[in-house]
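This briefing goes through the model topic by topic. Please keep the sequence and the structure at hand while reading.

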Amino acid sequence: MASPLEANESMSTTTENITTGKVSGIIANLVIVQVEGPFAQNEICYIVHNGVRLMAEVIKASGGLAYVQVFESTRGLRPGSTVEFTGHMLEVSLGPGLLSRNYDGLLNNLDTMSGVFLKRGEYTDTLDAKKKWDFEPLAKPGDTVIAGDWLGEVDENGIAHRIMVPFKLEGQFTVKSIAEAGQYTTNETIAMLVDKNGEQISVTMTQRWPVKKAVKAYRNKPRPFKLLETGVRIIDTLNPIVEGGTGFIPGPFGSGKTVMQQAISKQAEADIVIMAACGERANEVVELFTEFPELDDPWTGRKLMERTTIIANTSNMPVAAREASVYSAMTIAEYYRSMGHKVLMLADSTSRWAQALREMSNRMEELPGPDAFPMDLPAIVSNFYARAGYVYLNNGKTGSITFIGTVSPAGGNLKEPVTEATKKATRCFYALSQQRADSKRYPAIDPIDSYSKYLEYPELQKTLAEAISPEWTGQVNRLKNIMIRGKEAAEQINILGDDSVSVDYHLTFWKSEIVDAVLLQQDAFDAIDARTPLQRQRYMVDLLLEIIDTPLHFDGFEEVQPFYKTIIDKLRQMNYSPHGSEAFQRYRHELMEMVTERTAVG
Amino acid sequence: METKALQRIYTKIGQITKATCTLKATDVGYEELALVDGRPAQVVKIVGDNVTLQVFSGTEGIRTNAEVVFAGKPPTLKVGDELAGRFFNAYGDPIDGGPKIEGEERDIGGPSVNPVRRKQPSELIATGIAGIDLNNSLVTGQKIPFFADPDQPFNQVMAMVALRAEADKIILGGMGLTNDDYLFFKDIFENAGALHRIISFVNTTEDPPVERLLVPDMALTAAEYFAVDKKEKVLVLLTDMTLYADALSIVSNRMDQIPSKDSMPGSLYSDLARLYEKAVQFADGGSITIIAVTTLSGGDITHAIPDNTGYITEGQLFLRRDTEIGKVIIDPFRSLSRLKQLVIGKKTREDHPQVMNAAIRLYADAANARTKLENGFDLTEYDKRTLDFAKAYSDKLLAIDVNIGTTEMLDTAWTLFAKHFSPAEVAVKKEFVEKYWK
């Protein structure tokens, strides 16, 4: 069984001396290796146990000893076993054929593995070496190129997959020759480059990249400025995420994190979706495996799976590979961003990754930080989120990675270290509230605690004004204000009693209830309501504000609730009807009649 | 284990703590079993030629010159059809006086199922208890715990569920069971004439707590034999997982690990997930379903054990004593089965989802009415009807002594709706009202 790393090993280990070592200690998946020769921090090595090669990563070097974390079970491992170092960090193969695949955290193709159970030491190829791709050259001989420049492209599920100058190459190169249009496998040479010393480099459609390093083959990274439509109203309207933006969803169990993430992954206006299922339930991943090949992408009409890569390191798979899984996912995202695509990456849940770091730090007997997490957790988290972003490529084209992670706070407490570290690293905060989940107000994103910092960006305000309407940002801020005032009014009513406050308090409260029920709550299981296009969101916002702004007259507080309940019911029926349909217009008409009847005269 | 390493005997223990002993030994495998002065132990740490053994029954009275014999293999279980009907201890040795099992020897705690080889669970498990079948339907391949306070009858409910579920095999993993509860399980299975399809691995409160750590793996290894090799539907009962987690914390404490929340080891999530994720639906019909018990302390679900469990399992079931009817019910508000969406209205009658939601909504209205009453406000006529409905709903459907089919549960709900409400108040889709209103 060929390891995905082997192809590269033959390249990188041309240096005759391979460092080797012997196992001298074992504490769960931390193995101590007595090494003869040089080795690097984060270098990958293989422990040979009963003929099976177990992959491991160096996480500490100390006096001729390497402390390595093994990506497999260490059961039965003995001191004295041989360890072979590879000379490189954890790397993955990048090339056509990454989409519509199901990988483990190390990008082993799960579908080509044999048997029902995962076998220790079984590694499968990331890319299909036999498949031929229709290659079209984009560069021509004589062109000067640098890392990340597009040499050609192949069609991958209707998506232009650019074949790039490998990210690892440093400096300028001249294209000496390029393959003609035709069919090639990922391992055939498609271009020959020459560096300034006249040395020739052959380029195939596959390249390798160390996952823990950010791919920086772009010119610059401006502040994000374009909305990424998700069809989820509480996000798009109230707390927008942007192309190249970062966000996170913390929430206790049962508050709907996974449903939320799945809705975003299905509906978002992205070219490519990378989903990292990191330390979560296997049955949830099975749901993705089962549904995504069947469901349509609302933007292209093709199957969702065609634009998606799923990286599954479920909670029962080796813990060390959990950390690798989010880095592998981010590397694939960066690869597609460099081709000029809009990439959406989702990781569920980053807390499990942090816990994997904690387990290892504990075994290494490092001094712990809060809740026994490693001290550098906030730095690790923020470095990772910083790999997202909107970029201008060297050829002037643009690409983006929008990254949304979920966090599973212990005991639902948002003051725990992972939530706090993530809050500092991200710009959108979608707080799932147990209270809203309990009262079945879904999605259970708290409208008052949640925020999108991007709304404050003048760059975004400008594009929103152009794309939606000049008043949009002002309207959104008003809606937020209505929610806050409604909450205050509700508190007053609860303290003082229904009849001890003026009718105005009731009106303020019920106005916020309209916004809550019609705009914020959304039925993820209804075919129409599940996804609201931006223009429809704008229509509803205009309508809601019109109703809210119309001065109404009531003779007493008893009249307020029945009136608004009916209004809400009709607005909800509009949400369930196709936009502009006859039913939709009828409900609107009935609604406006009710409002007119109540309108205060004078 | 084809070639068994030559057994070497060591007689010089360098260090002894309450749960571990360390000695110099060579050619020892990680997680290998050993006997220390005749007591079972397992390798938990190797540094150079220093090998640390965790002695399951504790180290009281062990001498520094005690005999240490390595077994050359990790803990194993001999599997075969003869397991059926038998009772074992945490090491897989019979405790029912019967003969030893002669079968294929398998490592316990084996590898995980490749997620792409799993099938999406879709087969309903009928228990006859409406609090489960109607509101929180269980599905084969699911993992779900009872969250219960120690004084609640969770073992009784679990035994009832197990006996009514149409499982080919029921495997009981008892951890820290009191002797009384152990005898209860034994009796109830015997009386039901179900002994031939039951296998038990039991660690009672009389046994050393650390031994418990082997119980779930033993039970799940047996489960995998029947689900994979025999393509059977297997139901695994694990009680009490809180005591299992407590044993984990004892061990990590004695190995000087830094505790995280609630004195639990930092790896608690992974440790529990490794077990619960053994629940699986295979494509060829075999399945493992896990029903567990996590006892709570004063109903606190933010404690690390229930909290981590909640993130792993596919829902949870809460028991509550309903003082109105004097019976234990399955709490419809806090209980949740995440997989019910896969079967309700699909494998059951079309009106199931709507009836379920309508009944719970009306039950919630009753709860509000009760609060009003307690605060001294007047009740409306509607409030009074919801209270009557709630009492009947509790008694006829939520109580754990109910035993009827799902269709009958739906009909019962419709009867209650008609008795207490108008169709508009029930607010169910019109076509269902026309078809099923009593």
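In chain B, the C-alpha centres of domain 1 and domain 3 lie 62 Å apart. Domain bounds here come from an automatic or database domain assignment. This is a predicted model, in which local features need pLDDT of at least 70, side-chain atom pairs count only at pLDDT 80 or more, and totals for chains, interfaces and linings use all residues. Residues are numbered from 1 along each chain as its sequence is written, while chains are lettered from A and ligands numbered from 1 in the order in which they are written.

**Chain B overall**

- The domain assignment gives chain B a domain 1 (9-70), a domain 2 (76-107 + 140-313) and a domain 3 (352-436).
- Chain B has 12 helices and 21 strands; helices (H or I, at least four residues) and strands (E, at least two) are DSSP runs, numbered from the N terminus.
- The radius of gyration of chain B is 25 Å, close to the 22 Å given by the globule rule for 438 residues, so chain B is as compact as a globular protein of that length. The radius is taken over C-alpha atoms, and the globule rule is 2.2 Å times the number of residues to the power 0.38.
- A box of roughly 80 × 50 × 40 Å, taken along the principal axes, is filled by the C-alpha atoms of chain B.
- Of the 438 residues in chain B, 50% are buried. A residue is buried if 20 or more other C-beta atoms lie within 10 Å of its own, exposed if 12 or fewer, and partly exposed in between, with C-beta atoms placed from the backbone.
- Among contacts in chain B between residues at least 6 apart in sequence, those joining residues at least 24 apart make up 71%. Two residues are in contact if their C-beta atoms, placed from the backbone, lie within 7 Å.

**Ile199(B)**

- Ile199(B) belongs to strand 15 (residues 198-204) of chain B.
- Ile199(B) counts as buried because 25 other C-beta atoms lie within 10 Å.
- Leaving aside residues up to four places away in sequence, Ile199(B) touches Leu83(B), Ala84(B), Arg86(B), Lys169(B), Ile171(B) and Ala222(B).
- From Ile199(B) to Phe377(B) the separation is 178 residues in sequence and 55 Å in space, C-alpha to C-alpha.

**Chain A overall**

- Chain A is divided into domain 1 (6-89), domain 2 (133-207), domain 3 (233-452) and domain 4 (472-598).
- The C-alpha centres of domain 2 and domain 4 of chain A are 56 Å apart.
- Chain A contains 15 helices and 25 strands.
- For 602 residues, a compact globule would have a radius of gyration near 25 Å, and the 27 Å of chain A agrees.
- The C-alpha atoms of chain A fill a box of roughly 95 × 55 × 40 Å along the principal axes.
- Buried residues account for 52% of the 602 residues in chain A.

**Elements of chain A**

- Helix 5 (residues 320-337) of chain A has 18 residues and should span 26 Å at 1.5 Å a residue; its end C-alpha atoms are 27 Å apart, which agrees. The expected span is 1.5 Å times one less than the number of residues.
- Helix 5 of chain A is mostly covered, with 17 of its 18 residues buried.
- In strand 20 (residues 308-313) of chain A, six of the six residues are buried, so this strand is largely enclosed by the rest of the structure.
- On one side of strand 20 of chain A, Thr308(A), Ile310(A) and Ala312(A) are buried, and on the other Thr309(A), Ile311(A) and Asn313(A) are buried.
- Strand 19 (residues 272-278) of chain A runs parallel to strand 20 of chain A, joined by six bridges; two strands pair if DSSP finds at least two bridges between them.
- Ile274(A) has Thr309(A) in strand 20 of chain A as its bridge partner.
- Strand 8 (residues 102-103) of chain A also pairs with strand 20 of chain A in the parallel sense, over two bridges.
- An open sheet of four strands in chain A has the order 10-13-15-16, with antiparallel pairing.
- Strand 10 (144-145) and strand 16 (200-204) of chain A stand at the edges of that sheet, each with a single partner strand, so one side of each is left without a neighbour in the sheet.

**Contact between the chains**

- The contact takes 48 residues from chain A and 43 residues from chain B.
- Helix 7 of chain B supplies the largest share of the side of chain B that touches chain A, five residues.
- By class, that side of chain B has 20 nonpolar, 13 polar and 10 charged residues. Ala, Val, Leu, Ile, Met, Phe, Trp, Tyr, Cys and Pro count as nonpolar, Asp, Glu, Lys and Arg as charged, and the others, Gly among them, as polar.
- Strand 1 (residues 20-27) of chain A and strand 5 of chain B run antiparallel and are joined by two bridges.
- Ile26(A) stands opposite Ile46(B) in strand 5 of chain B.
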